[in-house]
2 protein chains.
Amino acid sequence: WTPVTDDGVMMLRREFKFKNFRQALEFTNKVGEIAEAEKHHPEIITEWGKATVTWWTHAINGLHKNDFVMAAKTDEILK
Amino acid sequence: WTPVTDDGVMMLRREFKFKNFRQALEFTNKVGEIAEAEKHHPEIITEWGKATVTWWTHAINGLHKNDFVMAAKTDEILK
């Protein structure tokens, strides 16, 4: 996970590589499931062979402990 | 659809608004279905209440007639 700053807002971002579009979209859906479960939602960019997930906390316009927890949960999906 | 240029590559982009994350993700999956069916894949940004779809043709680093067809098919999903 890389800390990035977008419009002054600190975020955590990680790119996940896949073999095709379908696998990237399946991953996007799994990230969506944990997002719904935790009621905390990332931005997910889905494209051919790649999904890019970005976590941050809108309410504080930055990073909260929960974002690091969600990043770890995101990694768990692929284990 | 708005023509955008990213790194010198012309693309077609449109933002679709939804009531929550789940509906945005459902739309993302429907766009994924037409992408797989046509073997032409967009970039889709999924976030709470919004999905942003971008079509372009990697092989020519720009826009092909097919991208306009896919943009129209994307709109059809919501009709």
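How many salt bridges are there between chain A and chain B? The count is zero, with a salt bridge taken as a side-chain nitrogen of Lys or Arg within 4 Å of a carboxyl oxygen of Asp or Glu. Here are my other notes.

1. Ground rules. This is a predicted model, where local features need pLDDT of at least 70, side-chain atom pairs count only at pLDDT 80 or more, and totals for chains, interfaces and linings use all residues. Residues are numbered from 1 along each chain as its sequence is written, chains are lettered from A and ligands numbered from 1 in the order in which they are written, and side-chain values use heavy atoms, leaving out hydrogens and water.

2. Confidence. Chain A has a mean pLDDT of 97, and 100% of its residues reach 70 or more; pLDDT is the predictor's per-residue confidence, from 0 to 100. For the complex, the predictor gives an ipTM of 0.96 and a pTM of 0.96.

3. Interface size. Between chain A and chain B about 1,300 Å² is buried, and carbon and sulfur atoms give 64% of that. Buried area here is the accessible area (1.4 Å probe) that two parts lose on being put together, summed over both. On the chain A side, A:Phe21, A:Leu25 and A:His41 lose the most area to chain B, together 31% of what that side buries.

4. Who touches whom. Contact (heavy atoms within 4.5 Å) involves 16 residues of chain A and 16 residues of chain B. The rule also finds three residue pairs in polar contact across this interface, both residues at pLDDT 80 or more. A polar contact is a pair of N or O atoms within 3.5 Å; within protein, one must be able to donate a hydrogen and the other to accept it, and residues adjacent in sequence count only if both atoms are side-chain atoms.

5. Which elements do the touching. On the chain A side, α1 (21-38) and β3 (43-47) each supply at least two residues, and α1(A) gives the largest share, eight residues. Helices (H or I, at least four residues) and strands (E, at least two) are DSSP runs, numbered from the N terminus. By class, that side of chain A divides into seven nonpolar, five polar and four charged residues; Ala, Val, Leu, Ile, Met, Phe, Trp, Tyr, Cys and Pro count as nonpolar, Asp, Glu, Lys and Arg as charged, and the others, Gly among them, as polar.

6. β3(A) runs antiparallel to β3 (residues 43-47) of chain B, joined by three bridges; two strands pair if DSSP finds at least two bridges between them. A:Ile45 sits opposite B:Ile45 in β3(B).

7. Inside chain B. In the hairpin of β1(B) and β2(B), two residues lie between the strands, and B:Asp7 in the turn has a positive phi of about 55°. B:Pro3 stands opposite B:Leu12, and B:Lys17 has B:Lys50 in β4(B) as its bridge partner.
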